[in-house]
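Have the sequence and the 3D view open side by side, and let us walk through them together.

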Amino acid sequence: MPTIGTKPKIPLVNLQHLVDRVPGIVSVYNVHSGRYAFMNKSVKKVLGYDPAEFLQGGMELTASLIHPDDKALIDLKTRQSLEAANKTRPDTDGQAPIMSYEYRIRHAEGRWVWLHTEGSVYDRAADGTVDHVLNVCVEITKRKEAEEKLRALSTELEAGIKQHAERLHLALEASKMGTWEWNIETGELIWSPEMMVLYGLDPATDIISYEMFIGALHPSDRQKKQDILTDAVKTGEPYQVEHRCVWPDGSMHWILGQGQAYMKDGKPYRMVGTAMNIDERKATEAALQASQIAYETLYDSNVIGIFTRDKKGKIIAANDTFLNLIGYTKQDLQQGKIEQGTITPPEYDELDARKAREIIRKGEATPWEKEYLHKNGTRIPVLLGSVAIPNTDGLCITIVTDVTEREQLAALNKAKDEFISLASHQLRTPATAVKQYIGILTEQYFGDLNEQQLMTLKSAYESNERQLTIIDDLLKVARLDAGRLHLSCRRTDMKALLNNIIREQHMRFKARRQSIAMNTDAPKVFANIDRDRMYMVLGNIIDNAGKYTRPGKKIEVRLSKKRGLVQIEVEDQGVGIDKKDFGKLFQKFSRIDNPLSTAVGGTGLGLYWSKRVIDLHGGSIEVRSKVNAGTTFIIKIPATKNKARDMRSAITLK
Ligand code: ADP
């Protein structure tokens, strides 16, 4: 049955017959009523609806089936096209389309179908305005899907390419690698941005040329690089070269260049390559070389013994110093005769094994002392330091210092201390006896003595006193050095202690017409000290103040408490001490020459011993002085709380 709607001017029967065979939808609709005058059967095939449904539902049905995203555009385009067609009256009506659109419309089964529709004027009303429009619609779903797929694919591809390029860029940047291409025929040179950076150029503004590139090569490497390029162009073989370049700022950089020329008809036409910055590698190589030289110099020097041993303890290399030390020769070494076992006394085996374990664990061992057995059987005391050589199968370098002299010195010192101690003891007994005898004589126990005899005895007594003081000093120091100084500390009233010392020495100061006094505002402070020792220390410093000050001058003792410390200052107006001698003051047997030193005599042991005792109390001693103006000794020792109970403690100097 032909499908006829509102009647158009041309009879549609013929049209119907013709267009029912067309695979697309052909329809005619009235633009005023919105009703279809005609619809061919293909609409069933394309959209799943009977033509009758459209003839009944009209444009309203069509509009309801159009995809919401396409509808507004179709409405607009239709309105505009009709308005335009109404204004003109071309003689192409029925042929040239006045509108053309692609849009989606819902199939009766619910899926979207893409249509390409072209509308042309079918007929016009008497006033010339468009009355009916002929629409021809072709399904383009497959094409649209293919287009969509293509679009998706190309987007994906684009993203992929972009990502790939970004990754490549990043990789190049990270590896500090640049790429280049050189058109041999035209001479055109193209550098990647990374390549520009490698030569200190700005990829955004600088433009590279072959001449510029040659100019940027380090003068010493220019010819070499050019020769290599010429050769590579000739042979087509890949090349690799390390060379330097000079940046526009004048700095020098190392480049590793690689490249290859490509041939066309046996002729080179193009060359491509990469470049990489190798500054770091070169710096490491240089440092390595320097350390190798340093090591070799050290190895060859005859200052220090060095040997290399394998993990089994076999000495595989050694310098002459070490070989001489143990009495072996290079030949012995080459014949593998030097093993740890043969040159080490057995009692050091355990220590050596411990050190070997330490080297494995930490790569090095803290220095240790041991002895080596000389080929002639004697023992040589040594100090060793050892490190593992990285990335080897347990190789290790040991540095050997001969400490024979130091040991001999220590032994000598010990013998000297023992001698002083012994001699002092031996001397003290007869000197004390002499003192007693002089005392008996002075007391006139064996009869009266005349003035002259008494004067002689007084001199003898004083000499004997001095001798005893010297012996006492020697004994004190000998005991200290032998580690036999035992402190017995008690909480002590420092003000009372100082007052006692001043009182005891008062007569001596008086004899020199010197005044001595303690600050009147001295606080009552306590310290945990060995009273007898500290009495001697402070007594010595106060005595020195008087000894090294001319008669008639003043000596001041100041006691105070500052930040938990008892501070005692002994200030004199004496001969003073030159700053350059401060360092010697507290050394053993160190007497410093001054205008009074010969007259007053002494051993140079007092301050040495005093400082050691003060140190032992956790305190300190300092000196401030100016030649001919006077000296101040400042002693600080930790204070104890005033109300604390009597504290007793013992410290032994070791
Ligand atoms: P001694 O007094 O027995 O020489 P000390 O160890 O007590 O030994 O002193 C070492 C040296 O320090 C003295 O020889 C002296 O030159 C110098 N000295 C010590 N106290 C004073 C002082 N108050 N003024 C100047 N010189 C001093």
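Start at the ligand: of the 21 residues around it, N544, D572, R591, I592 and L607 come nearest. Here a residue counts as near a molecule if one of its heavy atoms lies within 4 Å of it. Before going on, note that this is a predicted model, in which local features need pLDDT of at least 70 and side-chain atom pairs count only at pLDDT 80 or more, while totals for chains, interfaces and linings use all residues. Residues are numbered from 1 along each chain as its sequence is written, and side-chain values use heavy atoms, with hydrogens and water left out.

What kinds of residues make up the shell around the ligand? There are 8 nonpolar, 10 polar and 3 charged ones. In this count, Ala, Val, Leu, Ile, Met, Phe, Trp, Tyr, Cys and Pro are nonpolar, Asp, Glu, Lys and Arg are charged, and the others, Gly among them, are polar.

Now look at oxygen atoms of the ligand. One is 3.4 Å from a side-chain N or O atom of K547; a backbone N or O atom of G604 lies 3.1 Å from a ligand oxygen; and a polar backbone atom of G606 is 3.3 Å from a ligand oxygen. The protein covers 98% of the 530 Å² of accessible area that the ligand has on its own (Shrake-Rupley method, 1.4 Å probe). The elements giving two or more residues to the shell are α17 (531-547), α19 (606-616) and β22 (630-640), and α17 gives the most, with 4 residues. Helices (H or I, at least four residues) and strands (E, at least two) are DSSP runs, numbered from the N terminus.

Next, find S625 in strand β21 (residues 620-626). A polar atom of the S625 side chain lies 2.8 Å from the backbone nitrogen of I577, and one lies 3.1 Å from the backbone oxygen of G630. The C-alpha atoms of S625 and E571 are separated by 9.3 Å, although these residues are 54 residues apart along the chain.

Finally, turn to the largest nonpolar core, which has 49 residues. Such a core is a set of buried Ala, Val, Leu, Ile, Met, Phe, Trp, Tyr and Cys residues joined through side-chain atoms within 4.5 Å, where buried means under 20% relative accessible area (1.4 Å probe, protein chains only). M494, L538, L559, I568, L585 and F633 have the most contacts inside this core. Apart from it lies another core, of 25 residues, among them L47, Y103, V113 and C137. In soluble globular proteins, nonpolar side chains tend to be buried together.

Key
Buried < 20%, exposed > 50% of the residue type's maximum accessible area, 1.4 Å probe, protein only. Polar contact = N/O pair within 3.5 Å; in protein donor to acceptor, adjacent residues only side chain to side chain.
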